[in-house]
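Student: I would like to go through this model step by step. Can we work by question and answer?

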Amino acid sequence: MTEMVNTSRRIPIDGGPHLPETVRQWSGDSRGHWEGDTLVVETTNFNDHALIRGFNGDLGDALRVVERFTRVDDDLIDYRF
């Protein structure tokens with residue numbers, strides 16, 4: 001779970017499917033899975049008000065964001081977007 005201002009984001013890692021395409025959300029619909037030591041998070045279903053890294057133009061219905069979180073050591077996570 002992450003939190004930004006007053007928005008929280010929960011990322012299920014149980015292998016369940018994404019929400020139906022008709023369900024659109026500000027933060028999208030995230031699903032996670034492990035690839036070795038890396039948590040891979042795929043997010044889809046953003047609404048037309050979503051803000052992705054400071055850009056909130058026409059993101060399109062097919063937008064798919066993939067994030068990778070890998071622990072490098074006790075105090076460092078490598079984050080790729």
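Student: What elements make up the protein, and in what order do they run?
Tutor: Bear in mind that this is a predicted model. The protein has zero helices and six strands.

Student: What percentage of the residues is buried?
Tutor: Buried here means under 20% relative accessible area. The protein has 81 residues, and the buried ones make up 25%.

Student: What share of the accessible surface belongs to carbon and sulfur atoms?
Tutor: The total accessible surface of the protein is about 6200 Å². Carbon and sulfur atoms hold a share of 51%.

Student: Which strands form the open sheet, and in what order?
Tutor: The open sheet has four strands, with antiparallel pairing. Its edge strands are β3 (29–35) and β6, each of which pairs on one side only. From one strand to the next, the twist averages 20 degrees. The order is β3-β4-β5-β6.

Student: How many bridges pair β4 with β5?
Tutor: β4 and β5 pair in the antiparallel sense. Within this pairing, T43 stands opposite V65 in β5. The number of bridges between β4 and β5 is six.

Student: How many bridges join β5 to β6, and how many residues are in the hairpin?
Tutor: β5 and β6 run antiparallel, with five bridges between them. R71 stands opposite I77 in β6. The hairpin joins β5 to β6 through two residues.

Student: Why is the pair of F69 and Y79 called tilted?
Tutor: A search of the whole structure finds one aromatic pair. The ring centres of F69 and Y79 are 5.0 Å apart, and their planes meet at 50 degrees. Planes under 30 degrees apart would count as stacked, and over 60 as edge-to-face.

Student: Where is N45, and what is its phi?
Tutor: N45 lies in the loop between β4 (38–44) and β5. N45 is a residue other than glycine, yet its phi is positive. The value is near 65 degrees.

Student: Is N45 buried or exposed?
Tutor: The cut-off for buried is under 20% relative accessible area. N45 has 5% relative accessibility, so N45 counts as buried.

Student: Which backbone oxygens does the side chain of N45 reach?
Tutor: N45 touches several residues beyond four places away in sequence, including L19, E21, R24 and D29. P20 and V23 are also among them. The side chain of N45 reaches the backbone oxygen of P20 at 2.9 Å. A polar atom of the N45 side chain also lies 3.1 Å from the backbone oxygen of V23. The oxygens asked for are those of P20 and V23.

Key. Residues are numbered from 1 along each chain as its sequence is written. This is a predicted model: local features need pLDDT of at least 70, side-chain atom pairs count only at pLDDT 80 or more; totals for chains, interfaces and linings use all residues. Side-chain values use heavy atoms; hydrogens and water are left out. Buried means under 20% relative accessible area, exposed over 50%, partly exposed in between (1.4 Å probe, protein chains only). Accessible areas come from the Shrake-Rupley method with a 1.4 Å probe; for residues, only the protein chains shown count as cover. Rings of Phe, Tyr and Trp (its six-membered ring) pair if their centres lie within 6.5 Å; planes under 30 degrees apart count as stacked, over 60 as edge-to-face and the rest as tilted. Two strands pair if DSSP finds at least two bridges between them. Axes are lines fitted to C-alpha atoms, for helices over the stretch in contact, and angles run from 0 to 180 degrees between N-to-C directions. A polar contact is a pair of N or O atoms within 3.5 Å; within protein, one must be able to donate a hydrogen and the other to accept it, and residues adjacent in sequence count only if both atoms are side-chain atoms. Contact means heavy atoms within 4.5 Å.
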